[in-house]
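Hello,

Here is the structure I promised to pass on to you. Have a look at it first, and then read my notes below.

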Amino acid sequence: MEKHKLAACGIDCNECGHYILAMEHNLKPAECLVEYFRCGGWIEENDGAEAVLKKVPLCKGCWSDFVTCDANGCVLRPCCIEKKVNHCGECVDFPCKDYKKFVDDAEHHENAKEHLLSLRTGI
């Protein structure tokens with residue numbers, strides 16, 4: 001796996017279950033996503049890691065040709081492309097209303113915001 005891949009939103013791809021599964025395609029990381037897939041209705045109650053591997057969206061990182069978030073209506077990546085920035089943290093409008101909504105949508109997105117803030121301040 002690559003040393004560090006950062007999505008437009010600030011998520012470290014190496015911390016993302018979808019990315020890890022796409023790159024490694026093994027049961028260990030799939031086990032971590034079983035409950036998430038059950039709650040989403042993507043696998044049955046009695047299904048396990050094998051079912052996750054069959055259903056997992058292929059994602060090889062935000063800047064590849066195979067991106068999971070685009071299918072979910074990500075507005076941050078297209079905005080970064082339009083503004084010609086590597087991630088939201090390089091944008092003069094950061095954090096914009098779309099980014100604030102992204103952070104509010106999931107608790108783990110706060111980590112993504114922290115990644116970007118540390119890059120902005122050089123920490």
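Predicted model: local features only at pLDDT ≥ 70, side-chain atom pairs only at ≥ 80, totals over all residues.

**A charged patch**

Asp104, Glu107, Glu110 and Glu114 together form a negative surface patch. A patch here is made of residues with over 30% relative accessible area and no salt bridge, with like charges joined within 9 Å and nonpolar side chains (Val, Leu, Ile, Met, Phe, Trp, Tyr) within 5 Å. Asp and Glu count as negative and Lys and Arg as positive, while His and the chain ends are not counted. The place of a charge is taken as CG of Asp, CD of Glu, NZ of Lys or CZ of Arg. Accessible areas come from the Shrake-Rupley method with a 1.4 Å probe, and for residues only the protein chains shown count as cover.

Where does Glu107 sit? Glu107 is in the loop between helix 7 (97-105) and helix 8 (109-121). Glu107 is exposed, at 75% relative accessible area; buried means under 20%, exposed over 50%, and partly exposed in between.

Residues are numbered from 1 along each chain as its sequence is written, and side-chain values use heavy atoms, leaving out hydrogens and water.

The average pLDDT (the predictor's confidence in each residue, from 0 to 100) is 81 for the protein, and 85% of the residues score at least 70.

**The overall fold**

The protein has eight helices and zero strands. Helices (H or I, at least four residues) and strands (E, at least two) are DSSP runs, numbered from the N terminus. Of the 123 residues, 40% count as buried.

**Salt bridges**

How many salt bridges are there? The count comes to four, where a salt bridge is a side-chain nitrogen of Lys or Arg within 4 Å of a carboxyl oxygen of Asp or Glu. Here are some examples:

- In helix 3 (residues 34-39), Arg38 and Glu35 are three residues apart, which puts about one helical turn between them. Their side chains meet in a salt bridge, at 3.6 Å from N to O. Arg38 is partly exposed at 25% relative accessibility, and Glu35 is also partly exposed, at 47%.
- Lys101 and Asp105 form a salt bridge, with their closest N and O atoms 3.2 Å apart. About one helical turn separates the two, because they are four residues apart in helix 7. Asp105 is exposed at 52% relative accessibility, and Lys101 is exposed at 51%.
- Lys97 and Asp98 meet through their side chains, at 3.6 Å from N to O. Lys97 is exposed, with a relative accessible area of 68%, whereas Asp98 is partly exposed, at 33%.

**Two backbone details**

Now for the loop between helix 6 and helix 7, where you can find Pro95. A cis peptide bond joins Phe94 and Pro95, with omega at about -5°.

Lys84 is found in the loop between helix 6 and helix 7 as well. What is the phi of Lys84? Phi is near 60°, a positive value in a residue other than glycine. Lys84 counts as exposed, at 74% relative accessibility.

Terms used:
Buried < 20%, exposed > 50% of the residue type's maximum accessible area, 1.4 Å probe, protein only.
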